[in-house]
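Dear colleague,

I am passing on the structure we spoke about, together with a short account of what was found in it.

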Amino acid sequence: MTAIETETVPAAAPTMVEHVLTLDCSESPGIVHAVSGFLLEHGCDIIDNQQFGERSEGHFFMRVHFASDGDASTADTLRAAFGPVADRFGMRWRLEPHGSKRRVLIMVSKFGHCLNDLLFRARIGELPVDVVAVVSNHTDHQALVEWHGIPFFHVPVTASTKPSAEARLLELVDEFDVELVVLARYMQVLSDNLTRKLDGKAINIHHSFLPSFKGAKPYHQAYARGVKTVGATAHYVNSELDEGPIISQQTVEVDHTYGPEDLVAAGRDTECKALSNAVRWHCEGRVILQGNRTVVLR
């Protein structure tokens, strides 16, 4: 008899998927052991881990980037399994696939530098976001937004129309299933009612001269005072104008050779960078709100 040769087909390698677990809770012994033990028990491999214990307040923060065998449904399985661990320590927590994009709505008025910067960074994949809509009280940037293939909504705001304008914004947030609202130099003060509804889900940017130079032309006021530093602050929106929990700040040194327009240009750069950092860190699950402060696990 002639032996029949058979070819052995190698088994397919298991698919690896990556996840991010972000948590915070009251400080107590055994938290890191419990989390790492859970990951080991479920065959997960830690890629990166950032943690911080706030001793003065007795609070613990942690972000773990890890990999496991599985597919798109694995995150759901891990969430269900992690529930008892989280309950034991009273954790606020979130477990998501690594690299998942957050659905973002951008608001803008006439200054377009932050909008343009965010759209470009989103387009090249630098930000883990899907910009689903842009809302403005002016039409200056409609062509730019539509060139990017993003829906543009003109929502004018006056003292009499402000309630209806804010109601329209909330309709769009629901319609587009928005996870984050970004105020990219949106020059309207939001009502207390709206800020409460967007608590922890809206980021604003302002120049760091506030509250030193309020009102019109703050950079011209700064020039008159001979400032030596220009900067910007990105923060969560709350009912205190420009005083929400800070996420990101940028500064650049200037000197007597800078005229008012030079200061404006330097300010634009810091605003763009501070805002894009804040959006990226929020969307990557690196920012945890704790009262009026943030912990950013970079």
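What is the area buried between domain 1 and domain 2, and what percentage of it do carbon and sulfur atoms give? Please bear in mind while reading that this is a predicted model. The buried area between the two domains comes to about 930 Å², and carbon and sulfur atoms give 44% of it. On the side of domain 1, the residues that lose the most area to domain 2 are T22, F61 and R63, which together make up 44% of what that side buries.

To place these domains in the chain, the domain assignment gives residues 16-97 to domain 1 and residues 102-296 to domain 2, and their centres, taken over C-alpha atoms, are separated by 31 Å. Where the two domains meet, 14 residues of domain 1 are in contact with 10 residues of domain 2.

As for the interactions between the domains, the count is three salt bridges, and five residue pairs are found in polar contact across the interface, both residues of each pair being at pLDDT 80 or more. The elements that give two or more residues to the side of domain 1 that touches domain 2 are β1 (16-26), β2 (45-54), β3 (59-69) and β4 (92-97).

With best wishes

Technical notes: Residues numbered from 1 in each chain as written. Predicted model: local features only at pLDDT ≥ 70, side-chain atom pairs only at ≥ 80, totals over all residues. Heavy atoms only, no water. Domains from an automatic or database assignment. Contact = heavy atoms within 4.5 Å. Buried area = accessible area lost by both parts, 1.4 Å probe. Salt bridge = Lys/Arg side-chain N within 4 Å of Asp/Glu carboxyl O. Polar contact = N/O pair within 3.5 Å; in protein donor to acceptor, adjacent residues only side chain to side chain. Helix = DSSP H or I, 4+ residues; strand = E, 2+ residues; numbered from the N terminus.
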